[in-house]
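Have the viewer open as you read.

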Amino acid sequence: MSNTSNPVQVPPSGTSYNDVLVDIRNLKTFFPIRSGFLNRKTEWVKAVNDVSLQILRGEKFGLVGESGCGKSSLARSILRLDTPQAGEIRFEGENILKASAKSLRAIRRDVQTIFQDPHGSLDPRMNVRSIISEGLAVQDKMARGERRELVEHLIDRVGLRREHLDRYPHEFSGGQRQRIGIARALALKPKFIVADEPVSALDLSVQSQVLNLLTELQKEFGLAILFVAHDLSVVEYFSDRVGVMYLGKLVELADARELYADARMPYTLALLSAAPDATNSRKRERIVLKGEVPSPLNPPSGCPFRTRCWMARDICAQQEPELREIKPFHWAACHFAEKLEPWHRPRGNQPTTQETSEAGVRPDRQP
Amino acid sequence: MVKAVDGVSFHITTGGRLGIVGESGSGKSVTSLSIMRLIDPPGRIVEGEILLKGRDLTRLTEREMRELRGRELSLVFQDPMSALNPVYTAGAQVIEALQAHRTLSNSEARERAIQLLRMVGISAPERRVDEFPHKLSGGMRQRVIIAMALANEPELLILDEPTTALDVTIQAQILDIVRGLRRATVLLISHDIGVVREICDEVVVMYGGRVMEWGQVDQVTRAPKHPYTRGLLSSIPNPEMRGKPLRTIGGAVPNLLNMPRGCPFRPRCKQAVRECMEMPPLESKPDNSKVACWLA
């Protein structure tokens with residue numbers, strides 16, 4: 001909690017601060033672990049630990065990281081499904097963590113979500129028409145005929161047929177259900193959609209259909225999307241900019257193309273190299289990291305990645321690297337970001353043990 | 001009657017690495033369970049044979065089969081969270097696998113278990129051997145399960161989606177271990193052709209309970225011959241496709257209860273012709289690959 005990173009990043013070229021739709025500043029979302037006598041809070045899981053980032057209007061922002069890195073907690077914090085301990089989330093200038101019930105209601109119109117699980121996220125007792133129009137019924141005083149027209153327009157738009165409106169979720173396949181979820185999210189004409197792993201439960205041949213649909217609708221409705229996913233090739237394809245999280249920290253942020261071509265944080269490099277490649281579309285040396293992600297209950301001092309990093313030196317344990325602009329519009333949190341070159345990558349799939357590096361000798365998990 | 005797997009034939013040579021890829025409902029897991037003879041009733045193998053070094057597994061009694069499982073055939077499941085018994089230590093479960101098929105003293109078995117855990121990349125195995133599964137992460141549990149599967153140096157190691165529940169950096173570690181296994185004959189089942197490509201020499205592409213294509217991994221990924229394989233490969237997002245719509249296969253994976261007649265891919269195939277109402281045989285092509293398509 002000591003190191004508070006600089007919250008304001010300059011948005012990408014050609015944009016001004018007015019283009020920022022969601023401005024997250026020094027967000028901390030912690031979960032208490034209660035134990036012992038009287039059920040006292042004894043420890044905190046620092047799921048999101050001082051993250052600042054901006055999402056622009058109409059931008060597709062990808063957020064990647066492995067399980068437990070805090071990407072879903074960040075998404076849930078924006079939706080106020082998790083309660084952050086500190087920091088701000090400004091939506092069009094208004095801090096949604098402090099907003100009154102009334103303005104929160106207005107914000108909830110503008111911020112919608114698409115869930116991961118197409119089976120669990122639709123009420124099995126509601127037909128498709130009620131599912132899609134539920135938000136309208138709550139938020140809008142729309143005439144019945146008008147609402148019906150809108151719902152029919154939406155069902156066409158997501159590639160389903162009108163007769164599907166009277167059916168129930170169990171009658172649909174996973175891909176179709178995800179389309180229903182998308183129609184529901186669009187019903188209130190939001191400005192921003194939080195999509196947490198929207199295609200990861202789908203078969204490959206269906207995943208590409210849903211990705212295409214999301215891309216089309218994003219353009220058509222001018223939506224900003226926070227796209228949270230673990231599949232790096234999907235994120236690269238879909239996103240304009242990509243943020244990488246590790247142990248509750250944002251460790252790198254850049255244009256998608258730039259990030260994939262020239263990662264400046266060793267973790268990002270390792271993550272990209274670890275993704276299996278089906279078509280040989282890129283050639284890169286595989287980096288196999290030793291060990292596992294440390295427990296967020298007890299993150300390492302200094303840089304969160306140092307325990308697995310082949311570049312780690314003394315300074316990495318002493319000082320947490322700031323997320324800084326390494327190149328124009330490319331931020332990375334690494335003391336050696338400028339020095340990270342292909343020849344610094346570990347040789348022969350084995351992390352090199354440099355004199356002060358703990359990689360490779362540290363137990364994978366704290367006892 | 002649901003035909004989960006229908007007329008599937010392939011073989012693996014000793015020491016070979018064969019991958020089966022397919023989407024949900026393609027029959028890839030049912031194929032692996034059939035080899036292990038672990039199909040739950042009322043499901044059963046209706047016809048065909050499964051030959052392990054010339055011996056037909058479908059004709060063995062349940063007792064003979066039990067002898068074989070864990071000794072000559074091992075299966076690693078997808079979910080590392082539920083495949084270990086929570087009330088026994090990791091070591092006890094590896095030891096059980098060892099002693100089930102061999103007479104080993106407790107201390108010998110323990111020694112061997114520690115060796116196995118070390119082999120699958122578990123650090124401090126002397127300590128880990130006495131830990132309970134809940135203390136281990138998903139990646140660690142999957143290593144313990146692989147150690148159990150390797151305990152008796154099986155003829156065939158079947159890995160059914162071994163890394164699907166794991167993060168990519170942990171997946172890379174597990175794939176590294178599998179790649180390093182000398183001598184083992186591996187059958188890897190995965191929905192991810194990238195994972196298959198990491199490990200296997202050959203790949204069988206399944207769809208709707210049938211084999212669509214079978215060949216060298218490099219050949220199949222570089223120049224797929226079956227329209228389904230082509231469609232599948234081109235639906236994978238890749239950097240060159242940025243800003244352009246992905247190519248898609250229309251429609252959805254067929255329901256096993258309602259399989260189309262003939263080629264199962266026919267309703268989604270852009271090239272389908274009248275002949276496709278009949279299932280094409282898996283035919284050898286000049287480059288030794290095999291394809292089940294009238295048009296290939």
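At what angle do the axes of helix α5 (residues 174-186) of chain A and α6(A) cross? Roughly 15°, and the two axes come within 10 Å. Keep in mind that this is a predicted model.

## A helix pair in chain A

Angles under 35 degrees count as roughly parallel, so α5(A) and α6(A) are roughly parallel to each other. As for handedness, α5(A) passes α6(A) in a right-handed crossing.

On the α5(A) side, the contact is made by A:Gly174, A:Gly175, A:Gln178, A:Arg179, A:Ile182 and A:Leu186. From α6(A) come A:Val206, A:Gln209, A:Val210, A:Leu213, A:Leu214, A:Leu217 and A:Phe221. Sort the residues of this contact by type and you get 8 nonpolar, 4 polar and 1 charged.

## Where the chains meet

The contact between the chains takes in 37 residues of chain A and 40 residues of chain B. On the chain A side, α6, α7 (232-238) and α9 (266-274) each supply at least two residues. Helix α6(A) turns up again here, with the largest share of that side at 9 residues. By type, the chain A side splits into 15 nonpolar, 13 polar and 9 charged.

## Under cover in chain B

Over in chain B, helix α10 (residues 227-234) has B:Pro227, B:Tyr228, B:Thr229, B:Gly231 and B:Leu232 buried. Their cover includes α6 (204-221) of chain A, along with β7 (202-207), β8 (210-216) and α9 (217-222) of chain B.

## Confidence

Chain B has a mean pLDDT of 90, with 100% of its residues at 70 or more. For the complex, the predictor gives an ipTM of 0.81 and a pTM of 0.85.

Key:
Residues are numbered from 1 along each chain as its sequence is written. Chains are lettered from A and ligands numbered from 1 in the order in which they are written. This is a predicted model: local features need pLDDT of at least 70, side-chain atom pairs count only at pLDDT 80 or more; totals for chains, interfaces and linings use all residues. A residue is buried if 20 or more other C-beta atoms lie within 10 Å of its own, exposed if 12 or fewer, and partly exposed in between; C-beta atoms are placed from the backbone. Helices (H or I, at least four residues) and strands (E, at least two) are DSSP runs, numbered from the N terminus. Two residues are in contact if their C-beta atoms, placed from the backbone, lie within 7 Å. Ala, Val, Leu, Ile, Met, Phe, Trp, Tyr, Cys and Pro count as nonpolar, Asp, Glu, Lys and Arg as charged, and the others, Gly among them, as polar. pLDDT is the predictor's confidence in each residue, from 0 to 100. Axes are lines fitted to C-alpha atoms, for helices over the stretch in contact, and angles run from 0 to 180 degrees between N-to-C directions. Angles under 35 degrees count as roughly parallel, over 145 as roughly antiparallel, 65 to 115 as roughly perpendicular and the rest as oblique. A crossing is left-handed if the near helix is turned anticlockwise from the far one by less than a right angle, and right-handed if clockwise.
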